[in-house]
Amino acid sequence: MKEIFWPIIDIEHVDAYPWVIIPPRAGPTAPSDEWDDIDAWCLERAQDLWDDRDLDPGPHGVGFVGGTLARCANAFCPPESTHWLFLHLDHPTDVPLPVCAAIGPAQGPRDLTLRALTEADDPNAVEPPVVKPFHSLHLGEGMSTFRYVSQKESPHVLACVRYAWQVAEHGADVLLWTATEDVARFLQAAEDVEELARSLGIFVP
């Protein structure tokens, strides 16, 4: 029987205000009851968004936002997903920017692993990726990359950002990533995405 990898992503230090946080839908610590009806959960979270920002949703606001959240949940974290999904929303009706985070057993030498996880040498990048060291108080020294990638099915390039760490104490690799055609939307959320990267930790149940 395959041994369970117990270290999980810790979100204790994440500022939840700009994010709708959707936990893994599978794995050893996956939620159960709250995911019995994902549409109902998303409607409740939509109501929270309007309330937290002290805004009037009107007659259709909660349903509209709840439906948007449910579509994102189903698209970016289907039932067997083991990663976290963070949807960035300044205003409830913003187009959500999806950011994902995953953890798994360390797969190889640190530097090579971080370059692979962040796609620092992506041959499909429009130009060489911008590669930088990235420090997190909770995960230590990591690596970040920013790159543009062309798409076969679209004339628009994808703006792709990745952060990765290898945490020797837990024998774990951690990856945070997002990609979008809407470069302006990413730039709007860039500071929050970076702060999210700095806020992640590891917890062992």
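How many helices and strands are there in the protein? There are four helices and nine strands, where helices (H or I, at least four residues) and strands (E, at least two) are DSSP runs numbered from the N terminus.

## Basis of the model

This is a predicted model, in which local features need pLDDT of at least 70 and side-chain atom pairs count only at pLDDT 80 or more, while totals for chains, interfaces and linings use all residues. Residues are numbered from 1 along each chain as its sequence is written, and side-chain values use heavy atoms, with hydrogens and water left out.

## Overall form

Read from the N terminus on, the elements of the protein follow the order β-β-α-α-β-β-α-β-β-β-β-α-β. The C-alpha atoms fill a box of roughly 55 × 45 × 30 Å along the principal axes.

Of the 205 residues, 46% are buried, where buried means under 20% relative accessible area, exposed over 50%, and partly exposed in between, with a 1.4 Å probe and protein chains only. Among contacts (heavy atoms within 4.5 Å) between residues at least 6 apart in sequence, 61% join residues at least 24 apart.

## Nonpolar cores

A nonpolar core is a set of buried Ala, Val, Leu, Ile, Met, Phe, Trp, Tyr and Cys residues joined through side-chain atoms within 4.5 Å. The largest one has 25 residues, and Phe 86, Trp 165, Leu 176 and Leu 200 are those with the most contacts inside it. Two or more residues of this core come from each of β2 (19-22), β3 (84-88), β4 (97-105), β7 (154-167), β8 (172-180) and α4 (183-199), and α4 gives the largest share, five residues. A second, separate core has 19 residues, including Ala 46, Val 65, Ala 73 and Leu 89.

Leaving aside residues up to four places away in sequence, Trp 165 touches a set of residues that includes Leu 114, Phe 134, Leu 139, Val 174, Leu 176 and Ala 197.

## The helix α4

Buried residues in α4 include Phe 186, Ala 189, Val 193 and Ala 197.

## Cysteines

A search of the whole structure finds zero disulfides, a disulfide being a pair of cysteine sulfur atoms within 2.5 Å. For Cys 42, the nearest cysteine sulfur is that of Cys 77, 8.4 Å away, and Cys 42 counts as buried because its relative accessibility is 0%. For Cys 100, the nearest cysteine sulfur is again that of Cys 77, 7.5 Å away, and Cys 100 is buried, with a relative accessible area of 7%.

## Two loop residues with positive phi

Most residues other than glycine have a negative phi. Asp 54, in the loop between α1 (38-52) and α2 (61-76), has a positive phi near 55 degrees, and at 72% relative accessibility Asp 54 counts as exposed. Glu 119 lies in the loop between α3 (110-118) and β5 (130-136); its phi is positive too, near 55 degrees, while Glu 119 is partly exposed, with a relative accessible area of 28%.
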